[in-house]
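Have the model open as you read.

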Amino acid sequence: MAMWDRIKDQAKTLQQTQGARGSGGHGRPGSGSSGGSRAQLVNTLKSQLTSLKTELKSGAYRDASMAMCALVAAADGQVDPAERQHVESLILNNDVLQNFPPEQLRQRFNKHVDQLAVNFQQGKAEVMQEIAKAAKKPTEARAVVQTGFVVAGADGYVAPAEEQVLREACSALGLSPQEFGL
């Protein structure tokens, strides 16, 4: 728990520092300034995940993260082939997920995407059960949400549907969505 507290303090400090630098009056309402802060949050979460790489080697983290990535990719109820390929690429190039063999990641991610594509509501229930398995270890539970956030924000924007599934994942993991700015 002490490690997580330290990471949260680092994130707060980074956000305050970036907030102070970005308060020069250049962000107009509606100009996407909140998108910039969301992108900064995604970068912070990515850095935090990387710092935990040596701790995130369990099968529960791997499986829950692949379920989370599939859910984020299908958040709007569908996944087109280009989006599937893009998320798969993000997964295979993620520092922390390189703890696992690429074929294991690909297989689990695609299994979940296929479930969601056949019947979104039923697939979502199954994916949430897989995500919930990481709740036993708070560090891994937070890392699953962070992984989902990093994938969702890879394009510099977290869509409302993606935010919603991230909130639902927080609930399944017993975490507060506010902890992640949701």
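Let's start with burial: a residue is buried under 20% relative accessible area, exposed over 50%, and partly exposed in between (1.4 Å probe, protein chains only). This is a predicted model, where local features need pLDDT of at least 70, side-chain atom pairs count only at pLDDT 80 or more, and totals for chains, interfaces and linings use all residues. Residues are numbered from 1 along each chain as its sequence is written, and side-chain values use heavy atoms, with hydrogens and water left out.

**Salt bridges**

A salt bridge here is a side-chain nitrogen of Lys or Arg within 4 Å of a carboxyl oxygen of Asp or Glu. There are ten of them in the structure, including these:

| Pair | Closest N to O |
|---|---|
| Arg62 and Asp63 | 2.7 Å |
| Lys133 and Glu130 | 3.7 Å |

Arg62 and Asp63 are both buried, and they join Arg108 in a salt-bridge network.

What about the pair Glu168 and Lys124? Lys124 counts as buried because its relative accessibility is 14%, while Glu168, at 23%, is partly exposed.

**The nonpolar core**

A nonpolar core means a set of buried Ala, Val, Leu, Ile, Met, Phe, Trp, Tyr and Cys residues joined through side-chain atoms within 4.5 Å. The largest one has 45 residues, and Phe109 and Ile131 have the most contacts inside it. Helix H3 (59–73) is among the elements that give two or more residues to this core, and H3 gives the most, with ten. Helices and strands are DSSP runs numbered from the N terminus (helices H or I, at least four residues; strands E, at least two).

Which residues does Phe109 touch, leaving aside neighbours within four places in sequence? Taking contact as heavy atoms within 4.5 Å, Phe109 meets Met66, Cys69, Ala70, Ala73, Arg84, Val87, Glu88 and Ile91.

**H4 against H5**

H4 and H5 pack at about 145 degrees, their axes 10 Å apart. Those axes are lines fitted to C-alpha atoms, for helices over the stretch in contact, and angles run from 0 to 180 degrees between N-to-C directions. On the H4 side, Arg84, Val87, Glu88, Ile91 and Leu92 take part; H5 brings Pro102, Leu105, Arg106, Phe109, Asn110, Val113 and Asp114.
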